[in-house]
Amino acid sequence: MRIVFMGTPEFAVPPLRALLDAGYAVVGAITQPDRPAGRGHKLMACPVKCLAQERGVPVYQFERIKAPEGVACLRELKPDLVVTAAFGQILSQELLDIPRFGTVNVHASLLPAYRGSAPINWCILNGEKTAGVTTMLTDAGMDTGDMLLRAETQIGPLETAGELTARLSELGAQLLIDTLKRYPEGDLKPTPQDSALASYQPMLTREMGRIDWTRGAEEIACQVRGLNPWPCAYADGEMGRLKIYLARACAARHPAEPGTVVVSGAKEGLFVACGDGWLEVLEMQAPNARRMTARAYLQGKKIEVGTRLE
């Protein structure tokens with residue numbers, strides 16, 4: 001069976017690697033074009049391109065896969081099946097009609113919940129306790145195709161979006177192999193999604209990182225974890241912009257105005273009052289400093305109790 005793989009970021013690497021390790025004939029990898037990255041803004045290949053080149057898989061890059069040259073490329077590759085994982089582009093019906101077994105997508109949510117972009121981030125942002133991946137048959141809608149298999153996992157109490165993404169990509173890779181062992185042979189019956197249970201969430205923006213301290217501590221802790229590594233939660237104070245990478249909610253020992261530093265010390269840690277409870281800042285980055293634990297930062301620098309963060 002000839003397979004064409006479409007994917008771009010790190011999440012898509014384990015599924016592609018799993019296909020290759022299982023001996024499937026991946027005749028091409030289609031990715032997004034190289035993008036500027038780093039301080040020098042040099043063009044950088046995406047993770048899928050790097051793996052494909054390392055394993056000798058031909059790479060094809062298109063700004064718009066739906067353009068005539070993208071469609072022509074896929075036709076020339078003659079795939080029996082297309083596999084997608086975080087590709088970042090919507091496939092046209094013309095593209096979907098090319099492979100005889102259709103297109104199987106590895107989606108990072110328990111469909112029909114969290115369709116669309118950034119499902120892992122939104123799962124944590126919304127305080128979910130479980131997450132998962134779904135293999136599905138892609139149709140012309142936004143993650144609306146019939147489901148094949150699903151796998152669920154618990155979200156750790158301090159697990160960040162970046163950490164959960166790494167776990168779900170490995171879970172998705174195994175689920176993909178389980179799917180391909182059964183689907184092409186007709187042993188797996190596609191299940192339509194219940195649209196009444198569907199949910200969509202918007203794309204992430206930098207502005208979502210600003211912390212509103214009048215919210216509850218648990219909500220803010222979820223915001224911090226859900227936006228790590230990007231765009232990152234932050235607050236502004238006397239020292240400038242404070243980026244917060246990890247935090248946890250705790251009960252308030254005494255009432256204080258939301259956004260007020262109530263405990264600060266290398267031994268005690270850093271605690272900020274919220275609308276409901278306190279937030280313990282565990283990992284942070286202050287201006288002109290590297291990312292580190294709050295206690296490590298407070299060994300050499302002071303953040304005075306009573307400091308206001310906004």
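**View 1. Helix 1 passes helix 2 in a right-handed crossing.** In this predicted model, the two elements shown are helix 1, formed by residues 13-21, and helix 2, formed by residues 47-54, and their axes come within 9 Å of each other while crossing at roughly 20 degrees. Because angles under 35 degrees count as roughly parallel, helix 1 is described as roughly parallel to helix 2.

**View 2. The whole chain, shown as the setting for the helix pair.** The chain has eight helices together with 15 strands, and its C-alpha trace spans about 65 × 45 × 30 Å along the principal axes. Among the contacts in the chain that link residues at least 6 apart in sequence, 66% join residues that are at least 24 apart.

**View 3. Surface and interior of the chain.** The accessible surface of the chain comes to about 14800 Å², and carbon and sulfur atoms account for 51% of that area. Of the 310 residues in the chain, 51% are buried.

Definitions and conventions: Residues are numbered from 1 along each chain as its sequence is written. This is a predicted model: local features need pLDDT of at least 70, side-chain atom pairs count only at pLDDT 80 or more; totals for chains, interfaces and linings use all residues. Side-chain values use heavy atoms; hydrogens and water are left out. Axes are lines fitted to C-alpha atoms, for helices over the stretch in contact, and angles run from 0 to 180 degrees between N-to-C directions. Helices (H or I, at least four residues) and strands (E, at least two) are DSSP runs, numbered from the N terminus. Angles under 35 degrees count as roughly parallel, over 145 as roughly antiparallel, 65 to 115 as roughly perpendicular and the rest as oblique. A crossing is left-handed if the near helix is turned anticlockwise from the far one by less than a right angle, and right-handed if clockwise. Buried means under 20% relative accessible area, exposed over 50%, partly exposed in between (1.4 Å probe, protein chains only). Contact means heavy atoms within 4.5 Å. Accessible areas come from the Shrake-Rupley method with a 1.4 Å probe; for residues, only the protein chains shown count as cover.
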